[in-house]
Structure formats: structure tokens, C-alpha cells
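Please read through the following model with the sequence and the coordinates side by side. The account goes from loops to sheet and then to helices.

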Amino acid sequence: MREESPVPAPVILGIDDLRPLPWATRIARSSREGVELLQEHRDCFIDELWLDHDLGGDDSILPVVTLLEEAAFDGRPFRIGTVFVHSANPIGAETVVRSLTFWNYRVRRATV
């Protein structure tokens, strides 16, 4: 009799300074932590990536977006099922959606 392999748990990453995101498997609270989190997951499939535009003070999600753009430009985009962008800043959120869509990431606006 052959044993079934267990289905791996989904990888759901969140980068948000305030929201708890209880469904996320890992959360970063700043852009620096977000870049580190993505680099840790560079070679695995990320089922969902949740991004908040404004991360407190002068910090924003833009360093993370730059990392994703550069990876795609270099021909090695991150393997992400869907990027969800949630933000109280509609212009900032739209900028992120537009940038990542340009690089062929699957992106959706979300409300949290």
C-alpha cells in the first residue's frame, strides 16, 4: 500500500505595519523586514503576498516593489500566486498594482 504525501501548507506572506493578517504564515512590519522576508523565500513558491503601501513614518512598500521589479527585469521573477495590495492610500496602492502588473505578477486590490 502506498502512502500519500502530505500537501504542503500554503506560503502566505504579509508586509504591513499594523494589521494582524491572521491568515499569513509570516508577517514583516517594515520594508526592510519585507525585503528580508522575500529573500528568505526566493526559491520557493509563495501562494499569496499581501502588501500595504504605507508602513509607518517615512517607510513605504516601494523597496519591496523594487525588489520584485528587479527580479522580473533580470528574468527571475518571484514565483507568486497572487499579490494582494491593500492600503488606505488609493494612489499609492494603484502605483503598486500598476508596477507589478507591468512585470506580469498577478495583482489584485484588496480590502482588509
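**Loops, sheet and helices**

Leu21 sits in the loop that joins E1 to E2. The model is a predicted one, in which local features need pLDDT of at least 70 and side-chain atom pairs count only at pLDDT 80 or more, while totals for chains, interfaces and linings use all residues. Residues are numbered from 1 along each chain as its sequence is written, and side-chain values use heavy atoms, with hydrogens and water left out. The labels E and H refer to DSSP runs numbered from the N terminus, strands (E) having at least two residues and helices (H or I) at least four.

Leu21 is not a glycine, yet its phi is positive, at about 45°. Its relative accessibility is 2%, so Leu21 counts as buried; buried means under 20% relative accessible area, exposed means over 50%, and partly exposed is in between, with a 1.4 Å probe and protein chains only. Asn104 also has a positive phi without being glycine, near 70°. This residue belongs to the loop between H3 and E5. Asn104 is exposed, with 73% relative accessible area.

The sheet is open and has 5 strands, ordered E2-E1-E3-E4-E5, with parallel pairing. Two strands pair if DSSP finds at least two bridges between them. Strand E2 (26-28) and strand E5 (107-109) are the edge strands, each pairing on one side only. On average, neighbouring strands of this sheet are turned by 20° against each other, direction ignored. Such angles run from 0 to 180 degrees between N-to-C directions, and the axes are lines fitted to C-alpha atoms, for helices over the stretch in contact.

Strand E1 (residues 12-15) pairs with E2 in the parallel sense over 3 bridges. Within this pairing, Gly14 is opposite Ile27 of E2, and Ile15 is opposite Ala28 of E2. E1 also pairs with E3, again in the parallel sense, over 4 bridges. Here Leu13 is opposite Leu49 in E3.

Which residues of E1 point one way, and which the other? Ile12 and Gly14 point one way and Leu13 and Ile15 the other way, and all are buried. In a regular strand the side chains alternate between the two faces of the sheet.

E3 and E4 are joined by parallel pairing over 6 bridges. Leu51 has Val85 in E4 as its bridge partner. E4 is mostly covered, with 6 of its 7 residues buried.

His41 is found in the loop between H1 and E3. With a relative accessibility of 11%, His41 counts as buried. Leaving aside residues up to four places away in sequence, His41 touches Val11, Leu13, Arg26 and Ile46. Contact means heavy atoms within 4.5 Å.

The next element to follow is H1 (residues 31-40), the helix in which Gln39 lies. H1 packs against H2 at an angle of about 30°, and the two axes are 8 Å apart. H1 and H2 are therefore roughly parallel to each other; angles under 35 degrees count as roughly parallel, over 145 as roughly antiparallel, 65 to 115 as roughly perpendicular and the rest as oblique. From H1, the residues Ser31, Gly34, Val35, Leu38 and Gln39 meet Pro63, Val64, Leu67 and Leu68 of H2. These contact residues divide into 6 nonpolar, 3 polar and no charged. In this classification Ala, Val, Leu, Ile, Met, Phe, Trp, Tyr, Cys and Pro are nonpolar, Asp, Glu, Lys and Arg are charged, and the others, Gly among them, are polar.

Gln39 is partly exposed, at 47% relative accessible area.

Val65, Leu68 and Glu69 of H2 and Val96, Ser99 and Leu100 of H3 make the contact. The residues divide into 4 nonpolar, 1 polar and 1 charged.

H3 in turn leads back to the sheet. The helix lies across strand E3 (46-52), strand E4 (80-86) and E5, and runs at about 165° to E5.
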